[in-house]
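Please keep the sequence and the structure in view while reading.

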Amino acid sequence: MFTLAWEYIVMVAKSWGRAISGPILALAGLALLLAQQTVDGPKAADILRTLGWGVLGTAVLMIFVAQYEVWKHEHAARVKAEERLKPKAIIRNLTARVWPAGQAGVTVTGKEYYFDIFNSSEAESIDNVRVEVSAITPDAIGYPNPPLHVRNDDYVTREFSINPRAIRQIDLITGPVNAPNSQQVMIVTHTINKYRKPIPNGKYEITVRVSASNSPPVTATFVALLDNVGELQCVMQQ
């Protein structure tokens, strides 16, 4: 306890030293010096005494200023540290992949897009994470808020956790690629099997919402379409 108190006293002393070497006390000192050189007469002693007390009072006031500066610095550092520890989901790194024909028994090739959900906390996991299509324009799915597929997991997983500074990848959409024997349709890779069917080839604006029990919800919007050679392209809007 004494060590912490001493460290605080040292920090206040350093801050006070910077304060009294600043412009306020410098101007007060110059005013006192100027008065010593110019003031004369019977009231000179009173004037100089008043100015001297003013300079001393300013120096004492700077002690409180120094204490506030130390508190402000420590408070800002504490807030920054707490922010680093708070779990927060970040949607990032939209990635494209072309899978080869014959992989996992699939006889056609195609193109898929997936993205990362990153937990920015350095200490806490994000729990009960759920990733849903909150909107799709035009609505070609016909089912509200379908959960998206967690990459490399089965299609019954709807909620999951993300460890500190870790990611989980989420499948978004699959479609054609400019190659022989390619998948010819677009499919949003959600987990409602009854409604996971091809959607008409076209241009779609897909808004994704990530919610969790201990993290504020976040959203991101993606635009998916077929280019002039009929290959699926997708971008994440800024």
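## The five-strand sheet

Five strands, in the order E4-E3-E7-E8-E9, make up an open sheet with antiparallel pairing. Strands are DSSP runs of E with at least two residues, numbered from the N terminus, and two strands pair if DSSP finds at least two bridges between them. E4 and E9 stand at the edges with a single partner strand each, so one side of each has no neighbour in the sheet. On average, neighbouring strands of this sheet are turned by 35° against each other, direction ignored; the axes behind this angle are lines fitted to C-alpha atoms, and angles run from 0 to 180 degrees between N-to-C directions.

The model is predicted: local features need pLDDT of at least 70 and side-chain atom pairs count only at pLDDT 80 or more, while totals for chains, interfaces and linings use all residues. Residues are numbered from 1 along each chain as its sequence is written, and side-chain values use heavy atoms, with hydrogens and water left out.

Strand E3 (residues 126–137) pairs with strand E7 (residues 204–212) in the antiparallel sense over seven bridges. Within this pair, Ile136 stands opposite Ile206 in E7. On E7 there is also antiparallel pairing with strand E8 (residues 215–226), over eight bridges. Here Arg209 stands opposite Thr219 in E8. How many residues lie between E7 and E8 in their hairpin? There are two residues between these strands.

E8 in turn pairs with E9 in the antiparallel sense, over five bridges. Ala224 stands opposite Cys234 in E9.

## Thr207 in strand E7

Thr207 is found in strand E7. Is Thr207 buried or exposed? Thr207 counts as buried because its relative accessibility is 17%; buried means under 20% relative accessible area, exposed over 50%, and partly exposed in between, with a 1.4 Å probe and protein chains only.

The side chains of Thr207 and Thr221 are joined by a polar contact of 3.2 Å. A polar contact is a pair of N or O atoms within 3.5 Å; within protein, one must be able to donate a hydrogen and the other to accept it, and residues adjacent in sequence count only if both atoms are side-chain atoms. Not counting residues up to four places away in sequence, Thr207 touches Glu132, Val133, Ser134, Ala135, Thr219, Ala220 and Thr221, where contact means heavy atoms within 4.5 Å.

## The four-strand sheet

A further open sheet has four strands in the order E1-E2-E5-E6, and its pairing is antiparallel. Its edge strands are E1 (89–99) and E6 (187–188), each pairing on one side only. Strand E2 (residues 110–119) and E5 run antiparallel and are joined by eight bridges. The bridge partner of Glu112 in E5 is Thr174.

E5 (residues 167–175) also pairs with E6 in the antiparallel sense, over two bridges. Thr174 stands opposite Ile187 in E6, and Ile173 stands opposite Val188 in E6.

## The nonpolar core

The largest nonpolar core has 31 residues, and those with the most contacts inside it are Phe115 and Val131. Such a core is a set of buried Ala, Val, Leu, Ile, Met, Phe, Trp, Tyr and Cys residues joined through side-chain atoms within 4.5 Å. The elements that give two or more residues to this core are E1, E2, E3, E4, E5, E7, E8 and E9. Its largest share, five residues, comes from E3. In soluble globular proteins, nonpolar side chains tend to be buried together.

Leaving out residues up to four places away in sequence, Phe115 touches several residues, including Ile91, Leu94, Val131, Leu148, Ile170, Leu172, Val208 and Phe222.

## Two residues in loops

Ser121 lies in the loop between E2 and E3. Ser121 is buried, with a relative accessible area of 0%, and its side chain reaches the backbone nitrogen of Glu124 at 2.9 Å.

Ala140 has its place in the loop between E3 and strand E4 (160–162). With a relative accessible area of 29%, Ala140 is partly exposed. Apart from its neighbours within four places in sequence, Ala140 is in contact with Ile199, Pro200 and Tyr204. The C-alpha atoms of Ala140 and Asn201 are separated by 10.0 Å, and these two residues are 61 residues apart along the chain.
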